[in-house]
Amino acid sequence: MKEFLSLGSVLSAASAIFIYAATIGTAGENVSPVYGVGLPEGYRDWRGITVAHEAGQNNDIRAVIGNDVAYEAFRAGTLPFPDEAIIVRLAYEFKSSPRNDAVFPAPQSYIAGNPTNVQISVKDSKKYADSDGWGYGQFENGIANQSIPLTKSCFACHQKLDRKNDFVFSHYSP
């Protein structure tokens, strides 16, 4: 039995390394400029961390999910985040729901509309040392946005946050 568990542990570790390596990509692949971040395999099955509504210019609703490393760090309050943590933000248009509102006495229901983008933050303190350990990517319709100014703006914005939160906007919502 011990041999089987040891093999399972090795396979789990190998799977985690494969998923992490697939996320950081190489030249010529569907990866972000500057950081080389790709869409992680199976990310849509990751666990939820929080949700948010951003008003103003974006006016979107967001689901924040993470791989097991990120999820456990959020839950435990581990800061800085450990290397291999990957945080994914799924953004959607913030839409009124006439269908749902028909049930209520007044318009009050809002839902996720069309997807706008997916943003990825990958923690690797060595590879991304110049951006305080984080690499970034933004994807529209599954394709990496190749705008260098946009990609550089990710770190510029996160850098405005308090360092004690490891430059992460989100918090865990139990």
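I looked up which elements line the largest pocket of this predicted model. β1 (47-54), β2 (60-66), β3 (86-96), β4 (110-123), β5 (134-140) and α4 (148-158) each supply at least two residues of the lining. Helices (H or I, at least four residues) and strands (E, at least two) are DSSP runs, numbered from the N terminus. I noted that α4 gives the most to this lining, with 5 residues.

I then took the pocket as a whole. A pocket is an open set of points on a 1 Å grid over the protein atoms alone, where a 1.4 Å probe fits, with protein on both sides within 12 Å along at least five of seven lines; lining residues have an atom within 4 Å of a point. The volume of the largest pocket is about 720 Å³, counted as the space filled by probe spheres set on the points. Its lining has 27 residues, and Arg62, Arg89, Gln119, His158 and Phe169 lie nearest its centre. I recorded 12 nonpolar, 11 polar and 4 charged residues in the lining.

Next I checked for disulfides (cysteine sulfur pairs within 2.5 Å). The structure has 0 of them. For cysteine 154, the nearest cysteine sulfur is that of cysteine 157, 8.3 Å away.

Residues are numbered from 1 along each chain as its sequence is written, and side-chain values use heavy atoms, without hydrogens and water. Local features need pLDDT of at least 70 and side-chain atom pairs 80 or more, while totals for chains, interfaces and linings use all residues.

Definitions and conventions: Nonpolar A, V, L, I, M, F, W, Y, C, P; charged D, E, K, R; others polar.
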